[in-house]
Amino acid sequence: MNKKEWYKNAIFYELHVRAFCDGNNDGIGDLKGLISKLDYLRDLGIGCIWLLPIYPSPLKDDGYDISDFYNIHSDLGTLSDFKQLIKEVHKRDLHIIADLVLNHTSDQCAWFQEARTHPNSPYRNFYVWSDTNQKYKETRIIFIDKENSNWTWDEAAGQYFWHRFYSSQPDLNFDHPLVREEIINILRFWLDLGIDGFRADAVPYLFEREGTSCENLPETHAFLREIRELIDHEYPDRILLAEANQWPSDLSPYFGDGNEFHMAFHFPLMPRIFKALAISDRTPIIKIINETPKIPPNCQWSTFLRNHDELTLEMVSEKDRVFLWNYYAKDTRMRLNLGIRRRLAPLVNGNQKIIELLFAIIFALPGAPIIYYGDEIGMGDNIWLDDRNGVRTPMQWNSKANAGFSNADKKKLFLPIIEEGRFSYQQINVEDQLIIPNSLLLKMRRLIACRKKYEVFSQGTCNFPNLGNQSILAIKREFKGESILAIQNLSDKIIAINPLEYNLKKSYLIDILENNTKNSTNYINDEIRLEPYGFKWFLMKK
Ligand code: GLC
Ligand code: CA
């Protein structure tokens with residue numbers, strides 16, 4: 001594969017520096033701690049790290065409220081630690097991207113403070129002000145649990161300011177040329193430090209226009225293409241990943257003609273995987289993949305099961321939302337905004353077979369899959385913590401004090417470790433899973449290694465042979481004469497398939513997940529037997 005297109009075949013690992021490993025024992029994870037765990041990530045087999053926001057911030061939105069775009073949050077370390085991190089990442093042949101918030105700043109950002117207190121300041125126009133709160137009324141509110149308007153009155157400014165998220169996150173005014181210039185400076189600053197790209201946060205909302213939803217506007221796309229041009233020109237091997245929680249038809253413009261984003265999250269796929277599992281029926285997955293528009297050859301989807309936010313149900317019908325809430329979040333405490341604040345393992349009652357199955361599905365489908373830190377060991381959540389903090393608790397490294405995350409006094413930890421029940425760190429941790437045969441962690445390593453071995457997974461065409469039973473999701477990928485057939489059982493029943501019935505007779509099926517030397521089993525005459533929630537991946541040989 002073209003080296004410039006490294007992102008198409010990489011497995012991404014999303015991590016919260018604050019929650020990963022504490023290097024100086026103050027109770028907060030930091031860059032030094034992360035550096036000490038890079039070998040773990042390399043051994044897992046991932047190709048690219050995605051860091052949640054690392055910038056100075058009052059942390060009203062866990063760092064998505066940036067107060068200084070040109071520095072590292074002092075809890076996490078310094079710019080020189082950051083340079084060290086990049087060096088160590090690249091030494092291991094890994095890539096690293098970081099979250100970057102373009103849409104808004106913190107209200108503690110010096111620009112906003114200037115803007116509100118000095119009407120004549122050059123920063124006044126950095127934000128979107130109005131004498132009334134009646135403009136842009138067709139724009140939805142995103143954090144409906146906490147906000148009831150996108151306008152907030154500012155006493156010092158004597159005007160309302162516009163914000164799509166918390167009122168502590170004023171939106172930047174992208175109509176102002178100096179804002180666009182500043183964004184370009186910020187990008188260059190981090191790219192010059194060697195970062196491999198950005199996960200660009202909340203990109204649909206950059207511009208506002210009366211009479212529209214203020215989302216996905218042509219002006220927004222035009223500016224994003226400008227950023228891409230800069231990257232292609234000055235930093236050709238770096239990438240932009242779009243966070244746009246939108247329907248497929250609104251998502252595909254973010255790829256442009258291969259001249260906007262390199263990648264975009266596939267938001268609509270994720271809840272449909274959970275629905276397919278709940279009803280043991282492949283239909284929702286096949287339908288959404290078939291409805292997904294084709295993307296330019298230099299682009300790639302980013303697929304995921306969970307992330308640092310609530311499992312969003314924005315991209316499903318009202319009926320499905322209620323169904324998924326009732327199925328996966330019976331306790332209303334588990335619900336937040338239009339989603340579910342739970343981690344992967346608790347969503348499936350800690351069933352390791354199901355966790356493996358779900359990863360097998362996103363690994364076999366088109367796209368570059370993301371693993372959310374801790375999901376590779378089946379970490380749990382704490383729904384009693386505020387907001388989305390319950391899915392951002394410290395990584396569980398071992399069964400010693402503070403789960404091996406920090407040597408600080410337990411009371412100083414930035415969030416409590418999960419220490420009760422079946423997901424407690426004594427039950428679920430990296431160290432144990434490294435020695436337990438067939439632990440989730442070791443299975444994940446094998447799955448990742450297998451996926452990386454076959455280029456067809458990242459490049460190939462995708463179709464869905466019908467192998468009868470609706471609970472069987474068969475995914476066929478083909479690329480340059482190589483064919484892979486991945487068969488997944490979405491049900492809790494054993495299912496046997498007779499390949500002869502399904503036109504597979506001219507192919508030998510070579511099991512590529514069984515790592516013994518007899519893996520050249522000829523399945524032509526044998527039935528394929530799938531355990532409950534089991535899966536098998538085959539290389540098809542003529
Ligand atoms: C994105 C982030 C989310 C954050 C929001 C506002 O949706 O994923 O965590 O709260 O942007 O910046
Ligand atoms: Ca620390």
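**Notebook: a look around a predicted model**

**Calcium site.** I began with the calcium ion (ligand 2), which is coordinated by Asp-22 (OD), Asn-24 (OD1), Asp-26 (OD), Ile-28 (O) and Asp-30 (OD), at 2.2 to 2.4 Å. A reminder to myself: this is a predicted model. I then followed the donors along the chain, and their spacing reads D-x1-N-x1-D-x1-I-x1-D. Are Asp-22 and Asp-30 buried or exposed? I looked them up, and both are buried.

**Nonpolar core.** Next I went for the largest nonpolar core, which has 168 residues. Which of them touch the most other members? My list came out as Phe-12, Tyr-13, Leu-51, Phe-82 and Trp-537. Helix α13 (residues 352-364) gives the most to this core, namely ten residues. There is also a second, separate core of 13 residues, with Leu-467, Leu-485, Leu-509 and Met-540 among them. I jotted down a general point here: in soluble globular proteins, nonpolar side chains tend to be buried together.

**Phe-12 up close.** I picked Phe-12 and skipped its neighbours within four places in sequence. What is left in contact with Phe-12 is Trp-6, Tyr-7, Cys-48, Ile-97, Ile-239, Met-263, Ala-368, Pro-369, Ile-370 and Ile-371.

**Helix α10.** I checked which residues of α10 (residues 283-291) are buried, and found Pro-284, Ile-285, Ile-286, Ile-288 and Ile-289. What do they pack against? I traced them to α8 (248-251), α9 (269-279), α13, β15 (461-463) and β16 (472-479).

**Tyr-55.** I found Tyr-55 in the loop between β2 (48-51) and α4 (79-91). Why do I call Tyr-55 buried? Its relative accessible area is 1%, and buried means under 20%, so Tyr-55 counts as buried. Leaving out residues up to four places away in sequence, I saw Tyr-55 touch Ile-66, Asp-68, Phe-69, Asn-71, Ile-72, His-73, Ala-98, Asp-99, Leu-100 and Trp-190. I also looked at Asp-75: Tyr-55 and Asp-75 are 20 residues apart in sequence and 9.7 Å apart in space, C-alpha to C-alpha.

**Cavity.** How many cavities of 30 Å³ or more are there? I got one. The largest cavity has a volume of about 40 Å³. I wrote down its lining: Leu-100, Leu-102, Leu-187, Phe-198, Ala-200, Leu-224, Ile-227, Leu-240 and Phe-261. The elements that give two or more residues to this lining are β7 (197-201) and α7 (218-234). Sorted by class, the lining has nine nonpolar, no polar and no charged residues.

Key
Residues are numbered from 1 along each chain as its sequence is written. Chains are lettered from A and ligands numbered from 1 in the order in which they are written. This is a predicted model: local features need pLDDT of at least 70, side-chain atom pairs count only at pLDDT 80 or more; totals for chains, interfaces and linings use all residues. Side-chain values use heavy atoms; hydrogens and water are left out. On a 1 Å grid over the protein atoms alone, a cavity is a set of points where a 1.4 Å probe fits but cannot get out, and a pocket is an open set with protein on both sides within 12 Å along at least five of seven lines; lining residues have an atom within 4 Å of a point. Grid points are joined across faces, edges and corners, and a volume is the space filled by probe spheres set on the points. Helices (H or I, at least four residues) and strands (E, at least two) are DSSP runs, numbered from the N terminus. Ala, Val, Leu, Ile, Met, Phe, Trp, Tyr, Cys and Pro count as nonpolar, Asp, Glu, Lys and Arg as charged, and the others, Gly among them, as polar. Donors are N, O and S atoms within 2.8 Å of the metal (3.2 Å for Na, K and Ca); water is not among the atoms, so sites may look incomplete. Buried means under 20% relative accessible area, exposed over 50%, partly exposed in between (1.4 Å probe, protein chains only). A nonpolar core is a set of buried Ala, Val, Leu, Ile, Met, Phe, Trp, Tyr and Cys residues joined through side-chain atoms within 4.5 Å. Contact means heavy atoms within 4.5 Å.
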